[in-house]
Amino acid sequence: MTGKQTKPEIHYDFVPRPDQKPVLDYVRGEMAISAVPGAGKTKILEALIIKLMQITDPERLLVLTYMDSAARNIRDRINNSCEKLAKFPCISTIHSLAMSIIRDNDHSARLNLSSDFQICDDAFRYRIMTELYNLFMPQTNIGTFMNDVGAAISTIKQLGIPVDEAKRFLTGKQAQKYSELVDFLPLYQEYERILKSKNMIDFDDILVFSVKLLKEYPEIQDYYRQKFDYIMEDEAQDSSALQQELLSLISRGNLIRCGDPNQAITSSFSASEVDNFKSFIKKTKNTVQMTGSQRCAKGVYSLANELIDWAEAREELRGAFAVSHIQPVPGANPDIKNSVSVDIYRTQQEEKQKVLEEIIKFRKSGERLSIGVLLRSNKAVIDWANFLEEAGVSCICYSDTIGQKKMFRFIKSWLEVLNNPWNNRYIKDLYRDFSGENLIKTDFDSKHYLDKLGSPFIYFKENDLPHDSLKEFRQHILKWLDKSDMSVENLINELGESYFTGVIDRSNTRIISLMVEKYRNNETDTEKNIVITLPEVVEYLRELAQRKRLGDIRFFEEIEKNEHRNDFVQLMTVHKAKGLEFDVVFLPEIQEGMFYYPINADNIDIGDRDRLINQIRQVRNKHISAEEIKRQQVHEHLRLIYVGITRAKLYLRMSAAEICDKNWVKE
């Protein structure tokens with residue numbers, strides 16, 4: 001034995017395109033990879049990882065992503081391509097890496113954190129924020145409060161501004177001019193006090209504390225610098241300044257950053273800063289431009305390129321994009337005539353009807369095409385999903401709102417009925433879910449009967465009901481009312497087992513059951529005689545139904561096999577569609593307007609959130625002008641449209657309604 005490590009022998013057949021080949025020529029140093037939509041970014045990163053695994057010990061290769069799903073995807077690809085690997089690269093989210101830095105070797109003690117500190121997940125944070133809302137700003141809209149204050153908390157933490165420093169900044173200044181910051185600071189102090197009392201840190205703290213450890217303790221920084229020979233970052237356009245600082249602190253110079261500046265669409269609700277990745281591309285000598293893409297038909301990629309040129313030709317829009325045009329791959333792109341259409345309708349209702357007709361036409365074509373309807377907001381997703389479902393079009397609604405998850409909605413409807421069976425509103429909601437899952441045969445007359453019912457449905461005897469479906473539905477309710485004395489989590493599991501056979505649906509039922517069990521365990525206090533029963537659980541689920549996401553909960557996909565998805569029209573926000581592709585994409589409501597895609601700065605309102613965040617930034621002299629705030633938002637709206645366009649493989653259908661005087665889509 002010589003002590004020399006034997007590198008794994010891996011046979012991996014992959015022939016890169018000419019624009020991809022420079023990536024695989026990489027040996028050391030910094031490299032920036034800018035990849036257009038459909039350029040094969042994930043495939044080339046997989047190939048590069050496999051190459052580097054044969055240069056260095058696989059465990060000395062760190063691959064960072066921003067989503068757990070992306071990390072799993074890369075891990076699965078490597079597993080499938082390299083069977084029987086004795087060692088594996090470290091593939092992680094950047095928050096998981098930061099958490100390791102805090103927990104390893106009791107580093108948390110250096111931050112004055114106890115060894116058993118907990119992470120404030122999204123569910124618990126929501127409860128803290130609700131408490132703060134009721135205490136400080138009950139007169140405001142709670143959804144707006146959650147978004148605005150949440151963003152402000154992230155900003156002040158990631159900038160590392162102590163409350164005392166912010167107060168000193170306000171000394172001698174007109175309180176009216178900085179009213180948002182004046183109101184925010186006591187609220188923020190209370191938020192931090194609650195976290196400390198609960199022995200918790202939040203997701204921003206994870207990044208802040210890990211960077212603090214690396215900067216203040218050279219031995220910790222040196223340990224991580226020696227731990228990894230290569231560091232690779234995916235989706236670098238979504239990286240924040242703090243995340244990039246973390247990478248620079250642990251990198252020894254072999255840093256690979258991959259992304260697409262033209263798909264930077266998260267800065268409106270996160271701390272991401274696309275200009276940092278653009279700067280990295282400019283300063284790095286080894287920059288690879290992957291411009292070839294075989295995803296889209298000519299009409300689609302041509303429109304995407306024209307959008308870039310259109311913006312670049314206008315002074316107020318210049319800089320929204322990196323001028324990187326999609327180039328076709330010879331002989332590989334779909335050959336489709338008339339792949340793109342853009343239509344403007346008099347009213348939104350007319351637009352919906354025309355989109356519906358087009359969807360039905362594609363569904364009847366016999367080609368079994370995947371169809372995506374991409375919208376600006378979760379509210380629009382739900383609105384369009386309801387419209388299409390009422391028209392008989394089967395949909396999957398990928399709303400970020402937890403309440404739109406199929407199994408969550410079904411279980412919540414059941415528990416609402418069991419908690420209050422006399423309320424016909426809950427009865428109708430449950431009947432709708434039964435109908436949607438084809439658990440009973442329903443018809444218009446039955447639904448109409450329930451809509452017109454005056455007395456509680458549960459009071460009616462079977463012989464009083466005029467329709468067989470209602471009689472059968474009543475029997476289901478009576479059956480489960482007899483079981484409502486069992487524990488809520490067992491009741492949830494039995495409901496899932498009784499009505500669903502698919503592993504995905506049953507898994508999601510178990511996830512909901514575990515969420516409820518965790519909630520009951522946390523809130524039950526026998527000494528204070530606090531016992532959590534069905535009414536409290538129902539209120540908890542109502543609260544969760546309004547949430548956009550749960551940080552520590554991942555629901556499984558509701559369609560078990562990918563090939564089944566084409567049986568449904570898939571609706572989601574453009575943000576959620578990033579990374580996906582569809583044979584047919586509908587982009588409705590592409591009109592100018594505050595709640596749509598404002599490309600004219602005059603239609604952008606600088607609200608309390610923007611003013612507050614800018615005041616926080618002003619403490620460190622990092623604020624920007626009102627004009628710059630509007631410019632950044634306009635640029636992100638343009639990139640959002642670009643992302644929507646480039647999800648389409650074969651056909652793209654864009655439309656708008658004449659509800660605004662300024663309608664840039666005409667151009």
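Tutor: Arg103 sits over the face of Phe117, 4.2 Å from the ring centre. One caution first: the model is predicted.

Student: What makes Arg103 count as lying over the face of Phe117?

Tutor: The cut-off for a charge over a ring is within 6 Å of the ring centre and within 35 degrees of the ring normal. Arg103 is at 4.2 Å and is placed over the face of Phe117. Arg376 is placed over the face of Tyr597 too, at 5.9 Å from the ring centre.

Student: Now the sheet. In what order do the six strands run?

Tutor: The order is S3-S2-S6-S7-S1-S8, in an open sheet with parallel pairing.

Student: What makes strand S3 and strand S8 edge strands?

Tutor: Each pairs on one side only. Strand S3 spans 90-93 and strand S8 spans 287-290. From one strand to the next, the twist averages 15 degrees.

Student: How do you know that strand S6 and strand S7 pair?

Tutor: Pairing needs at least two bridges. Strand S6 (residues 230-233) and strand S7 (residues 255-259) have three bridges, in the parallel sense. They therefore meet the criterion. As for residues, Met232 has Ile256 in S7 as its bridge partner.

Student: Which strands does helix H11 touch?

Tutor: Helix H11 (residues 241-250) packs on the sheet and touches S2, S6 and S7. Its direction makes about 165 degrees with that of S6.

Student: On to aromatic rings. How many aromatic pairs are there?

Tutor: A search of the whole structure gives 21.

Student: Why is the pair of Phe184 and Tyr188 called stacked?

Tutor: Two values decide. Ring centres must lie within 6.5 Å, and planes under 30 degrees apart count as stacked. For Phe184 and Tyr188 the centres are 5.6 Å apart and the planes make 15 degrees. Both values pass, so the pair is stacked.

Student: Why are Phe184 and Tyr188 about one helical turn apart?

Tutor: Because they are four residues apart in helix H8 (residues 179-197).

Student: Are Phe184 and Tyr188 buried or exposed?

Tutor: Buried means under 20% relative accessible area. Phe184 has 1%, so Phe184 is buried. Tyr188 has 6%, so Tyr188 is buried as well.

Student: What makes the pair of Phe434 and Phe473 edge-to-face?

Tutor: The planes are at 75 degrees, and the label requires over 60. The ring centres are 5.4 Å apart, against a limit of 6.5 Å. So the pair is edge-to-face.

Student: What makes this a link between distant parts of the chain?

Tutor: Phe434 is in helix H17 (residues 424-436) and Phe473 in helix H19 (residues 468-481), 39 residues apart. Phe434 is buried at 0% relative accessibility, and Phe473 is buried at 0% too. Both rings belong to a cluster linked by ring pairs, which also includes Trp414, Tyr431 and Trp480.

Student: Last, charges. How many salt bridges does the structure hold?

Tutor: It holds 43.

Student: How do you know that Arg77 and Glu46 form a salt bridge?

Tutor: The limit is a side-chain nitrogen within 4 Å of a carboxyl oxygen. Arg77 and Glu46 meet at 3.0 Å, N to O, so the pair qualifies. Arg77 lies in helix H3 (residues 68-81) and Glu46 in helix H2 (residues 41-53), 31 residues apart.

Student: What makes Asp383 and Lys352 a salt bridge?

Tutor: Their closest N and O atoms are 2.7 Å apart, and the limit is 4 Å. Asp383 is in helix H15 (residues 378-390) and Lys352 in helix H14 (residues 348-363), so the pair ties together parts 31 residues apart in sequence. Asp383 is partly exposed at 34%, whereas Lys352 is buried at 10%.

Student: Where do Glu358 and Arg653 lie?

Tutor: Glu358 is in helix H14 and Arg653 in strand S16 (residues 648-657), 295 residues apart. Their side chains meet in a salt bridge at 3.1 Å, N to O. Glu358 is partly exposed at 21%. Arg653 is buried at 14%.

Conventions
Residues are numbered from 1 along each chain as its sequence is written. This is a predicted model: local features need pLDDT of at least 70, side-chain atom pairs count only at pLDDT 80 or more; totals for chains, interfaces and linings use all residues. Side-chain values use heavy atoms; hydrogens and water are left out. Helices (H or I, at least four residues) and strands (E, at least two) are DSSP runs, numbered from the N terminus. Axes are lines fitted to C-alpha atoms, for helices over the stretch in contact, and angles run from 0 to 180 degrees between N-to-C directions. Contact means heavy atoms within 4.5 Å. Rings of Phe, Tyr and Trp (its six-membered ring) pair if their centres lie within 6.5 Å; planes under 30 degrees apart count as stacked, over 60 as edge-to-face and the rest as tilted. Buried means under 20% relative accessible area, exposed over 50%, partly exposed in between (1.4 Å probe, protein chains only).
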